[in-house]
Amino acid sequence: QVQLVESGGGLVQAGGSLTLSCTSSVATINPLRIAWYRQAPGKQRELVAIISPVSSTDYANSVKGRFTISRDRGKNAVYLRMDSLKVDDSGVYYCAAPGSGASWGQGTQVIVSS
């Protein structure tokens with residue numbers, strides 16, 4: 001079973017940038033559709049961005065123009081570049097492979113301070 005691992009979260013000021021990484025040490029994620037989700041305290045988990053195996057992408061309206069999802073096949077990784085961060089972007093970010101049966105990772109926390 002594919003186990004996904006997220007990294008790259010941290011504390012950043014509003015207007016700043018972070019890049020999150022998603023990878024797996026036990027299997028290739030290159031053939032998989034990979035999505036980033038986030039969950040803020042007291043809120044439901046929401047889809048942020050998704051990338052197909054051929055790198056077509058889609059974004060939640062709230063992050064369009066600010067976030068960029070990409071993949072590096074050589075590194076077996078998917079990234080989420082987050083620019084112009086807002087306080088409302090704070091939360092735990094998870095990567096997942098919808099429809100693959102892959103396990104969710106533990107998530108990586110993003111805190112955007114005002």
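Figure 1. The model shown here and in the following views is a predicted one. The chain contains 10 strands and zero helices, and its elements, read along the sequence, follow the pattern β-β-β-β-β-β-β-β-β-β. Taken along the principal axes, the box filled by the C-alpha atoms is roughly 40 × 25 × 20 Å. The radius of gyration of the chain is 13 Å, which agrees with the value near 13 Å that a compact globule of 114 residues would have. Of the 114 residues, 44% count as buried, while the chain exposes about 5900 Å², with carbon and sulfur atoms supplying 49% of that area.

**Figure 2. The open sheet built from β1, β3, β8 and β7.** Four strands are arranged in the order β1-β3-β8-β7, with antiparallel pairing, and the sheet they form is open. Strands β1 (5–7) and β7 (67–72) stand at the edges and have a single partner strand each, so one side of each is left without a neighbour in the sheet. On average, and with direction ignored, neighbouring strands of this sheet are turned by 20° against each other. Strands of a sheet pair through backbone hydrogen bonds, and the pairing can be either parallel or antiparallel.

**Figure 3. Close-up of the pairing between β1 and β3.** Strand β1 pairs with strand β3 (residues 18–23) in the antiparallel sense, and three bridges connect the two strands. Within this pairing, S7 has S21 in β3 as its bridge partner.

**Figure 4. The salt bridge between R38 and D89.** The side chains of R38 and D89 meet in a salt bridge, with an N to O distance of 2.8 Å. This pair links distant parts of the chain, since R38 belongs to strand β4 (residues 34–39), whereas D89 lies in the loop between β8 (77–82) and β9 (91–96), 51 residues apart. R38 has a relative accessibility of 6% and therefore counts as buried, and D89, at 2% relative accessibility, counts as buried as well.

**Figure 5. The salt bridge between R38 and E46.** R38 also forms a salt bridge with E46, and here the closest N and O atoms are 2.7 Å apart.

Figure 6. A search of the whole structure finds four salt bridges, one of which joins D83 to R81, with the closest N and O atoms 2.8 Å apart. D83 is partly exposed, with a relative accessible area of 23%, and R81 likewise counts as partly exposed, at 38% relative accessibility. Elsewhere, salt bridges that share partners join R38, E46, R66 and D89 into one network.

Technical notes:
Residues are numbered from 1 along each chain as its sequence is written. This is a predicted model: local features need pLDDT of at least 70, side-chain atom pairs count only at pLDDT 80 or more; totals for chains, interfaces and linings use all residues. Side-chain values use heavy atoms; hydrogens and water are left out. Buried means under 20% relative accessible area, exposed over 50%, partly exposed in between (1.4 Å probe, protein chains only). Two strands pair if DSSP finds at least two bridges between them. Axes are lines fitted to C-alpha atoms, for helices over the stretch in contact, and angles run from 0 to 180 degrees between N-to-C directions. The radius of gyration is taken over C-alpha atoms; the globule rule is 2.2 Å times the number of residues to the power 0.38. Accessible areas come from the Shrake-Rupley method with a 1.4 Å probe; for residues, only the protein chains shown count as cover.
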